[in-house]
Amino acid sequence: MFGLFKKDPVKALEKKHAQLMEKAMHVQRSGDLKAYAAIIDEAKKVEDEIIELKGKG
């Protein structure tokens, strides 16, 4: 019953991943490839967390 209001960590991570990918797209278009690579690396780590959590559940 109390699990009804519990936030899903996967949804939060998916939202964060989408935001990072959008930010990466804008940075890439501006021409800053080093910043783009750093953001993509962070997004990959978030994606790995999502995969790990989905594997557990």
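This is a predicted model: local features need pLDDT of at least 70, side-chain atom pairs count only at pLDDT 80 or more; totals for chains, interfaces and linings use all residues.
Me: Is Lys45 buried or exposed?

Reply: Look at relative accessible area: under 20% is buried, over 50% is exposed, and partly exposed is in between (1.4 Å probe, protein chains only). Lys45 is exposed because its relative accessible area is 51%. Pro9, with 45%, is therefore partly exposed. Across the 57 residues of the protein, 18% are buried.

Me: Which residues make up the largest nonpolar core?

Reply: In soluble globular proteins, nonpolar side chains tend to be buried together. A nonpolar core here is a set of buried Ala, Val, Leu, Ile, Met, Phe, Trp, Tyr and Cys residues joined through side-chain atoms within 4.5 Å. The largest one has 9 residues: Val10, Leu13, Leu20, Ala24, Val27, Ile39, Ala43, Val46 and Ile50. Helix 1 (9-30) and helix 2 (33-56) each give two or more residues to this core, and helix 1 provides the largest share, 5 residues.

Me: What does Ala43 touch, leaving out residues up to four places away in sequence?

Reply: A contact means heavy atoms within 4.5 Å. By that rule Ala43 touches His17, Leu20 and Met21. Of the contacts in the protein between residues at least 6 apart in sequence, 57% join residues at least 24 apart.

Me: How many residues apart in sequence are Lys45 and His17?

Reply: Lys45 and His17 are 28 residues apart in sequence, and in space they are 9.1 Å apart, C-alpha to C-alpha. Pro9 and Glu49 are 40 residues apart in sequence and 9.9 Å apart in space, again C-alpha to C-alpha.

Me: What is the radius of gyration of the protein?

Reply: It is taken over C-alpha atoms, and the globule rule is 2.2 Å times the number of residues to the power 0.38. The protein has 14 Å, whereas a compact globule of 57 residues would have a value near 10 Å. Its C-alpha trace spans about 50 × 20 × 10 Å along the principal axes.

Conventions: Residues are numbered from 1 along each chain as its sequence is written. Side-chain values use heavy atoms; hydrogens and water are left out. Helices (H or I, at least four residues) and strands (E, at least two) are DSSP runs, numbered from the N terminus.
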